[in-house]
Amino acid sequence: MMGYPTYSEEYRNIVTIEKKDSSNFKKTKGTVLNPSANDFVPGERTESTYRIDRVSYETFPIVDNISRTRKCSRCGKLFIITSRKYISTDCCFYHWGKLQRVVYNGKEERRYSCCSQSAIAEGCSTSEVHVWSGLINGINKFHGQFVSAPTPYLFLNREKYFKVYAIDCEMCFTVHGLEIAKVTVVGLGGDLIYSSFVRPESEIIDFNTRFSGITKDDIHLGTKSLREVQNDLMRFITSETILIGHGLENDLRALRLVHYLVVDTAKTFPHCQGFPYRRSLKHLCETILKKNIQGNAGGHDSFEDANACLELMMWRVRRDYFGQ
């Protein structure tokens, strides 16, 4: 229900992403690949080649003139795209902020945090096109490679790779929805373990700079592909590694990574109204850590966000196990 990518219990090599309901699920087949990466290897180098699972979907025939209707993630309107381009090119009027309950003229009202306008007001921001998340209700499949972290026995020094890392990804909007544009991994001591910009596979529609902090100058021909970043991560993340993050299902989907040892601060610190509502990372840091994050007008800092998740979990461990 949370939208984490998982292997199907019935079909071992099929990655499914379940969200809200399980309608319209179609079966696909998977393959296994032995990749080797030579780019980034933190610490001691491992074997030159190791085995990881990769799911390569059998895509259904897609013809460019077959249109698909999608719902804009910003304004909520429907628009039409094909497999490679937009059909609807009308302007999008939206609010980038969230609706909040505030007292206005002596009454409690729901108003947007970006412009303080009422819930029925027209959007205060504009975009040349609509955008969508890439995920629809039901059990979803992606057209690409999913990987699973290798088991520790494939490494030269097994004990070295039973680790805990915090991870955060920044996304941009493409024709096929949200795709990863940057990934940052932080160690348990708050030190930077890995950081890289990622070149999306599809045409970028909107860099989402207000939230991602990613600009056109960050993504260029020399930027690593998702496959290269996957191979980098698999050099120090194993199936026994614990990954910490906020809304971690979004990061794992963007990385096309199936991983089961996860600690999600959105789940650990639940919203008072329960699922599907969730507290923002910024709000958690303000109320629990008494710390202000995401104050940069140029967008989020993935290193800062990953560290914030780590600090929140350390606070929780100290409180629950040491009474501090």
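Is Cys72 buried or exposed? Cys72 is buried, at a relative accessible area of 3%. Buried here means under 20% relative accessible area, exposed means over 50%, and partly exposed lies in between, with a 1.4 Å probe and protein chains only.

Hi everyone, a word on the ground rules. This is a predicted model, where local features need pLDDT of at least 70, side-chain atom pairs count only at pLDDT 80 or more, and totals for chains, interfaces and linings use all residues. Residues are numbered from 1 along each chain as its sequence is written, and side-chain values use heavy atoms, with hydrogens and water left out.

Now the overall picture. The protein has 20 strands and six helices; these are DSSP runs numbered from the N terminus, H or I with at least four residues for helices, E with at least two for strands. There are 324 residues, and 43% of them count as buried. With contact taken as heavy atoms within 4.5 Å, look at the contacts between residues at least 6 apart in sequence: 62% of them join residues at least 24 apart. The exposed surface comes to about 17400 Å², with carbon and sulfur atoms supplying 49% of it. Those areas are from the Shrake-Rupley method with a 1.4 Å probe, and for residues only the protein chains shown count as cover.

Back to the cysteines. How many disulfides does a search of the whole structure find? It finds zero, a disulfide being a pair of cysteine sulfur atoms within 2.5 Å. For Cys72, the nearest cysteine sulfur is that of Cys75, 3.7 Å away, and Cys72 is in no disulfide. Cys115 is in no disulfide either; its nearest cysteine sulfur belongs to Cys124, at 3.8 Å. Cys115 is partly exposed, with a relative accessible area of 24%.

Next, salt bridges. The criterion is a side-chain nitrogen of Lys or Arg within 4 Å of a carboxyl oxygen of Asp or Glu. The whole structure has ten of them. One joins the side chains of Asp232 and Lys224, at 2.5 Å from N to O. Asp232 is buried, with a relative accessible area of 0%, while Lys224 is partly exposed at 22%.

Another pairs Glu249 with Arg278, whose closest N and O atoms are 3.0 Å apart. This pair links distant parts of the chain, 29 residues apart: Glu249 sits in helix α3, and Arg278 in the loop between α4 (265-268) and α5 (281-289). Glu249 counts as buried at 4% relative accessibility, and Arg278 as partly exposed at 30%.

Then there is Lys291 with Glu311, the closest N and O atoms being 2.8 Å apart. Here too the pair links distant parts of the chain, with Lys291 in the loop between α5 and α6 (302-322) and Glu311 in helix α6, 20 residues apart. Lys291 is partly exposed at 29% relative accessibility, and Glu311 is partly exposed at 31%. Arg316, Arg319 and Asp320 are linked in a network of salt bridges.

Ser116 is partly exposed, with a relative accessible area of 46%. Arg256, also not a glycine, has a positive phi of about 55°. Arg256 lies in the loop between α3 (248-255) and β19 (257-258), and is buried, at 10% relative accessible area.
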